[in-house]
Amino acid sequence: TGERIDPAAPSGLDYYPLPSAGERFPVNDPDMPPRMAPVPADRGTFLHGILEGIARVESRGYAKLRELGAPAVTRVVTAGGGGANQARGA
């Protein structure tokens, strides 16, 4: 992958990124461990896998909300301070 991630191409990784064990939504499992292996040598591929994992969790969450009677999601807006993350030197 190198410097770029192709969103149309799957990473081949099956991550479930959690900061620690325990998930509440969309799966209620307080003992569920994070799934972050294998870790590829290429950092771009690793990031690609993490982003895919986050997207899968979000998709499952929206599907669960729909199953519980919420209206279908038509738009998602994301905001945050990732661009000013001190860990990446910004």
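Reply: Start with one term: a residue is buried when its relative accessible area is under 20%, and exposed when it is over 50%. The model is predicted. By that cut-off, the buried residues of helix 1 include His48, Ile50, Glu52 and Val57.

Me: Why is Glu67 called exposed?
Reply: Glu67 has a relative accessible area of 58%, and exposed means over 50%, so the label applies.

Me: Why is Lys64 called partly exposed?
Reply: Lys64 has a relative accessible area of 26%.

Me: What makes Glu67 and Lys64 a salt bridge?
Reply: The cut-off is 4 Å between a side-chain nitrogen of Lys or Arg and a carboxyl oxygen of Asp or Glu. For Glu67 and Lys64 the N to O distance is 3.2 Å, so the pair qualifies. Both residues lie in helix 1, 3 residues apart, about one turn of the helix.

Me: What makes Arg56 and Asp14 a salt bridge?
Reply: Their side chains meet at 3.8 Å, N to O, and the limit is 4 Å, so this pair counts too. Arg56 lies in helix 1 and Asp14 in the segment before helix 1, so the bridge ties together parts 42 residues apart in sequence.

Me: Which residues are linked in a network of salt bridges?
Reply: Asp14, Arg35 and Arg56 are. Asp14 also meets Arg35, at 3.4 Å from N to O.

Definitions and conventions: Residues are numbered from 1 along each chain as its sequence is written. This is a predicted model: local features need pLDDT of at least 70, side-chain atom pairs count only at pLDDT 80 or more; totals for chains, interfaces and linings use all residues. Side-chain values use heavy atoms; hydrogens and water are left out. Buried means under 20% relative accessible area, exposed over 50%, partly exposed in between (1.4 Å probe, protein chains only). Helices (H or I, at least four residues) and strands (E, at least two) are DSSP runs, numbered from the N terminus.
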